[in-house]
Structure formats: structure tokens, C-alpha cells
Amino acid sequence: MKPFKFSLQRLLNYKENVLDKEKNTLAALRAEQRRVVDQIEYTETQYSRLSNEIRRISSKGVLAIDVQQIQYKVDACTYRLRELEVEKEAIDARVEEQLQIVLELIKENKQLDKLKDRQLEEYRMEEVRENSEIISEFVSRTLICEKTV
């Protein structure tokens, strides 16, 4: 009997390559998402530090220009946080979309794997049947040879 060969192996290999590519894309998007989150956390820390600085120096009675300079930095942080939040929402949507693509490809690959398993099981059953026929034929020949001798 010839060795088992899955009839859709080329398709399965192609789908696995596509899945790997899409997983890499998802990993890159998640890295970008993490970068944006890190920037948000850093900017929030900066905003908090600057706000505390304004309160601290305001209580000491400093020049308005000094407070205004720090307030300008606080406003820049606020603006940057808004930008980052918009960027985060966009990247979150792209990550979710890419995740759905990856999940769909995983589902398709599992279906092909199940089909391969079924074909392999059928092959093994056919192999067992063929082997039992060979054994049966051998036993029959042996018995016939013994009777004729």
C-alpha cells in the first residue's frame, strides 16, 4: 500500500503560512498598542507631576509667568493625551479586526486538520483491511499446501 498523502496538504500549508503572517501582523499591532498605552501612562504621569508643581509653587507666591510656563506644559500634556486616546481607539479597533481575522483562519485550519485526521483514519482502516486480507490469503495458501502434501 502506498504511503498516506493528504489530498489538501498544499492548501493546508498555504493556510498555515497565511495564519503565521496574520499572527505576525497581530503581534505588531499589539506592540503598537502597547507603545501607545505606555505613552499615555507616561504623559499622565507628566501631567500629574506638572499639576502638582503648579499647586506647590502657587502656594509659595511666585510670579505669574512661572505658573503660566508650567500651565503651558500642562495644556500640552492635555492635548497630547487627547491625541493618544484617539490613536489608542484606532489601534484598538485594528487589533480587534486583526484578531477576528486570525480566529477565522484558526477555525479554517482546524477544519482542514480534522479532514486530514479523518482521511488518515480511513487510510489506516484500509491498511488494516488490506493486511488482514493478505494474512487471510497467506493462511489459506498454507492450508491448501498442507492438504495437498
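This is a predicted model: local features need pLDDT of at least 70, side-chain atom pairs count only at pLDDT 80 or more; totals for chains, interfaces and linings use all residues.

Residues are numbered from 1 along each chain as its sequence is written, and side-chain values use heavy atoms, with hydrogens and water left out.

Aromatic pair. I took rings of Phe, Tyr and Trp (its six-membered ring) as paired if their centres lie within 6.5 Å, with planes under 30 degrees apart called stacked, over 60 edge-to-face and the rest tilted. By this rule I found one aromatic pair: Phe4 and Tyr123 are tilted, at 5.6 Å centre to centre and 55 degrees between the planes. Phe4 lies in the segment before α1 (9-60) and Tyr123 in helix α2, so the pair ties together parts 119 residues apart in sequence. I took helices as DSSP runs (H or I, at least four residues), numbered from the N terminus.

For exposure I used relative accessible area (buried under 20%, exposed over 50%, partly exposed in between; 1.4 Å probe, protein chains only). Phe4 is partly exposed at 26%, whereas Tyr123 is buried at 17%.

Surface patch. I found a nonpolar patch of about 410 Å², made by Ile135, Phe138, Val139 and Leu143; patch residues have over 30% relative accessible area and no salt bridge, and nonpolar side chains are joined within 5 Å. A salt bridge here is a side-chain nitrogen of Lys or Arg within 4 Å of a carboxyl oxygen of Asp or Glu. Ile135 sits in helix α2 (residues 64-148) and is exposed at 53%.

Technical notes:
Patches are made of residues with over 30% relative accessible area and no salt bridge: like charges are joined within 9 Å, nonpolar side chains (Val, Leu, Ile, Met, Phe, Trp, Tyr) within 5 Å. Accessible areas come from the Shrake-Rupley method with a 1.4 Å probe; for residues, only the protein chains shown count as cover. Helices (H or I, at least four residues) and strands (E, at least two) are DSSP runs, numbered from the N terminus.
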